[in-house]
Amino acid sequence: MMTSVDADLIRILADPLRLRIVTLLARETLCTTHLVEETGAKQTNLSNHLRVLREAGVVETEPCGRFTYYRLKPDVIAQLAGQFADLAESARTAAANKRACP
């Protein structure tokens with residue numbers, strides 16, 4: 001049973017704008033223009049966050065003419081969710097364990 005969680009991925013998703021982007025991409029594939037409209041972020045700021053998400057393997061791109069569409073990679077999110085589920089299960093089974101103080 002795995003009890004550690006991918007700390008780098010949590011750090012990446014902890015940013016409010018990145019989490020908003022991931023939430024939006026969970027609903028549909030969007031281009032940068034759509035994400036700017038939805039988030040109100042400046043295009044350069046949004047592009048930097050998308051680069052971080054892409055490099056972390058959270059999103060993938062699809063060129064479409066002069067636009068780039070972004071799609072969430074659900075397996076990455078599912079893997080992270082599984083790590084948290086494993087952690088919760090470990091906590092349930094260890095609830096009765098208590099280390100004695102010296």
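Me: Which strands does helix 4 lie across, and at about what angle does it run to strand 2?
Reply: In this predicted model, helix 4, which covers residues 43–55, lies across strand 2 and strand 3, and its direction is at about 115 degrees to that of strand 2.

Me: OK, and in what order do the strands sit in the sheet?
Reply: The sheet is an open one made of 3 strands, in the order 1-3-2, with antiparallel pairing. Strand 1 and strand 2 are the edge strands, since each of them pairs on one side only.

Me: How many bridges hold each pair of strands?
Reply: Strand 2 (residues 59–64) is joined to strand 3 by 6 bridges, while strand 1 (residues 30–31) pairs with strand 3 (residues 67–72) over 2 bridges, and the sense is antiparallel for strand 1 with strand 3 as well as for strand 2 with strand 3.

Me: Which residues in strand 3 are the bridge partners of Cys31 and Val59?
Reply: Cys31 has Tyr69 as its bridge partner in strand 3, and for Val59 the partner in strand 3 is Leu72.

Me: What about the hairpin of strand 2 and strand 3, how many residues are between the strands?
Reply: There are 2 residues between the strands in that hairpin, and Gly65 there takes a positive phi near 65 degrees.

Me: What is Glu38 in contact with, once its neighbours within four places in sequence are left aside?
Reply: With those neighbours set aside, Glu38 is in contact with Arg20 and Leu24.

Me: And how far apart are Glu38 and Ile21?
Reply: Their C-alpha atoms are 8.9 Å apart in space, and Glu38 and Ile21 are 17 residues apart in sequence.

Me: Last one, which residues make the nonpolar surface patch?
Reply: Ile10, Phe84 and Leu87 make a nonpolar surface patch of about 230 Å². One of these residues, Ile10, is found in helix 1 (residues 7–14).

Me: Is Ile10 itself buried, exposed or partly exposed?
Reply: Ile10 is partly exposed, because its relative accessible area is 32%.

Terms used
Residues are numbered from 1 along each chain as its sequence is written. This is a predicted model: local features need pLDDT of at least 70, side-chain atom pairs count only at pLDDT 80 or more; totals for chains, interfaces and linings use all residues. Side-chain values use heavy atoms; hydrogens and water are left out. Contact means heavy atoms within 4.5 Å. Two strands pair if DSSP finds at least two bridges between them. Helices (H or I, at least four residues) and strands (E, at least two) are DSSP runs, numbered from the N terminus. Axes are lines fitted to C-alpha atoms, for helices over the stretch in contact, and angles run from 0 to 180 degrees between N-to-C directions. Patches are made of residues with over 30% relative accessible area and no salt bridge: like charges are joined within 9 Å, nonpolar side chains (Val, Leu, Ile, Met, Phe, Trp, Tyr) within 5 Å. Accessible areas come from the Shrake-Rupley method with a 1.4 Å probe; for residues, only the protein chains shown count as cover. A salt bridge is a side-chain nitrogen of Lys or Arg within 4 Å of a carboxyl oxygen of Asp or Glu. Buried means under 20% relative accessible area, exposed over 50%, partly exposed in between (1.4 Å probe, protein chains only).
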